[in-house]
Amino acid sequence: MSEKEIKNLEEIFEQRIANDEKIEPKDWMPEKYRKTHIRQISQHAHSEIVGMLPEGNWITRAPSLRRKAALLAKVQDEAGHGLYLYSACETLGISREELYEQLHTGKAKYSSIFNYPTVTWADIGAIGWLVDGAAIINQVPLCNTSFGPYARAMVRVCKEESFHQRQGYEIMLTLSKGTPEQKALAQDALNRWWWPSLMMFGPTDAESVHTEQSMKWKLKRKTNDELRQQFIDQTVPQADLLGLTVPDPDLKWNEDRGSYDFGAIDWDEFWQVVKGHGPCNKERMNARVSAWENGAWVRDAAVAYADKQAKAKEVAQAS
Amino acid sequence: MEHQSLYQYLLSLGDNALILGQRLGELCGHGPSLETDIACTNIALDLLGQTRSCFQYASKQLDGKTEDDVAFLRKENEYTNVLLVEQPNNDFAFVITRQYFFDVYQLMLMEWLSANSADETIKAIANKAVKEARYHRRFSSDWMLRLGDGTEESHQRLLDAVEALWPYTQEFFVPSEAEAWAASAGIGPDLTSFKAAYYNDVEALLEQATVPVPENPYFQKGGKQGRHTEHMGYLLADLQYMQRTYPNMTW
Amino acid sequence: MEKKNWPLWEVFVRSKNGLEHRHFGSLHAADATMALENARDVYTRRNEGVSIWVVESKHITASNPENHGELFEPAQDKVYRHPTFYDLPDEVKHM
């Protein structure tokens, strides 16, 4: 194809997206669109399966049978969401094994929030309330993104995630209505998860490299800062309802803006964790890599068995 | 007295599901593929559901107790699960073999209870559980075949798991006091009558999986009487951690 | 042995009797039995289905979007296939 023809195709392509048409895997697409989507969808998928680890950490220690069942179901949903997203990514011509390879070698990123430790039961509440709350704000607009398989996966994910945040908030509610000791657990969890949750929306708009292109392709509908503000505005009243204090002395309602003003985010910490030096980056990666490596013989066995069965069937049919 | 016997019998039903569910819960996020993670969690959730049904009913036999008191606040020697289900997740072959050995028994038990139990509540619990158990058994049998007749390595690992877990299979068929009471009251089966059919099924599947039936005639028991293996204390330390650290609170 | 990965399967679920099987998504499995079991575990955990089909993705032959014009546009002007093409007096109801 000549450069001019490609240019022409690109224009038609961008026009289709502008008209709210969906792009499907076999449609022509610019290489950059493919690569950006592989990066974003896989990063999203990786976040789901790495996200299973900090919460999975508390399945065996959940304080009641009801909480145990809810947590198990939630972590299982995350596995399911990872699976939907890997499948969506695979339609772009990359295999799940390649995607894992990128994760395991550190080439691909996942949400940094999962590099923080879950040290008390209240952390499970805080993750559901804050982390899933932030994730929902990020994810809901993706149900309308331009790439069909991603949009469809997100519709399913969002539908299933609706119970996750409620599950977390209910834990926080029970703790804050409980004994002073329980309330202290809840406050401590909020103290530790508040700032990392704000960082989940990514760098400030001034620093963000992908925003403009992502807007055009409907990978984003609002900027990082807008989403962060939305999260703060909706979460602060929920903290008030719990009787907990958001750990930000500069937080105050701004009548003119109709929003909360908030204090400075520690971006040094953000970049430290992104670069692989958070409290649990190594543990998380080790857990993923060893699950994959220790499972190799199981996956091989299943393939070998399937091959034998297929051959036996052939022989039976031939005779 | 009858309350006490019924309570003990419900513990025997619920404890197996609780402890095996706890073991499966440890695996979540660490399995060989996303798909197997999801499958094992489904089984854990089913077992946890069975546990809750049994313990909710059990707690009604004792005034002022909840399902969580029953699940979390007993001493090790008051748990009456069979030794098999507390065995650790050494590798996926252990996970599958433990599951399979349990599923064959559990399906027979639930089939009997759902058809015959004189206790309507137990009958209803079993009615739901029987469908779950049927699926679990199908899942674990399929994997027994894949591992047994897969690669050399998987065959060897399955062989090791079968050898290691085999001695824990006979305990199912040695009735505890509570199980004997249930049988005499028509609430539960005569477990000794399951034994022949159980080993017929298991041996047939092992043959299909190309794994020889272990010849070891020495069996372990004691779980039903609260005498557990060394693994149990650690399992309970996790299970009970919150309830023991923060007693008398609502979660 | 050469490393072989579990192939990709497409999953179709009938949500309830009377409805068609609809494409729900995909998954990886070593064989059809596993694919069916995984599909049950992955795609019907919230009671979404009564029947499942699985087919290995490589067995699906798909039309090529580049042929969109010749494949689908000829149907666009066959307006007489649609009921609104025919003018009937308002007195004729329910036809």
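This report describes the sheet of chain C and the interface of chain C with chain A in a predicted model.

**The sheet of chain C**

Chain C holds an open sheet of three strands, ordered β2-β1-β3 and paired in the antiparallel sense. Because β2 and β3 of chain C stand at the edges with a single partner strand each, one side of each is left without a neighbour in the sheet. On average, and with direction ignored, neighbouring strands of this sheet are turned by 25° against each other. The two pairings are set out below.

| Strand pair (chain C) | Residues | Bridges | Sense |
|---|---|---|---|
| β1(C) and β2(C) | 8–14 and 21–28 | seven bridges | antiparallel |
| β1(C) and β3(C) | β3(C): 51–56 | six bridges | antiparallel |

Helix α1 of chain C, which spans residues 32–43, lies across β1, β2 and β3 of chain C and runs at about 110° to β2(C).

**The interface of chain A and chain C**

The size of an interface is often given as the accessible area lost when the parts come together. Chain A and chain C bury about 1900 Å² between them, and 52% of this area is on carbon and sulfur atoms. On the side of chain A, the residues A:K26, A:R156 and A:V303 supply 25% of the area that this chain buries against chain C, which is more than any other three residues. The contact draws on 22 residues from chain A and 21 residues from chain C.

The side chains of C:R46 and A:E160 meet in a salt bridge, with 3.6 Å from N to O. Between chain A and chain C, 10 residue pairs are in polar contact, with both residues of a pair at pLDDT 80 or more.

The elements of chain A that give two or more residues to the side touching chain C are α3 (65–90), α4 (96–104), α6 (148–176) and α12 (296–318). Of the elements on this side, α3(A) gives the most, with eight residues. By class, the residues of chain A on the side that touches chain C divide into 11 charged, seven nonpolar and four polar.

Notes: Residues are numbered from 1 along each chain as its sequence is written. Chains are lettered from A and ligands numbered from 1 in the order in which they are written. This is a predicted model: local features need pLDDT of at least 70, side-chain atom pairs count only at pLDDT 80 or more; totals for chains, interfaces and linings use all residues. Side-chain values use heavy atoms; hydrogens and water are left out. Two strands pair if DSSP finds at least two bridges between them. Helices (H or I, at least four residues) and strands (E, at least two) are DSSP runs, numbered from the N terminus. Axes are lines fitted to C-alpha atoms, for helices over the stretch in contact, and angles run from 0 to 180 degrees between N-to-C directions. Contact means heavy atoms within 4.5 Å. Buried area is the accessible area (1.4 Å probe) that two parts lose on being put together, summed over both. A salt bridge is a side-chain nitrogen of Lys or Arg within 4 Å of a carboxyl oxygen of Asp or Glu. A polar contact is a pair of N or O atoms within 3.5 Å; within protein, one must be able to donate a hydrogen and the other to accept it, and residues adjacent in sequence count only if both atoms are side-chain atoms. Ala, Val, Leu, Ile, Met, Phe, Trp, Tyr, Cys and Pro count as nonpolar, Asp, Glu, Lys and Arg as charged, and the others, Gly among them, as polar.
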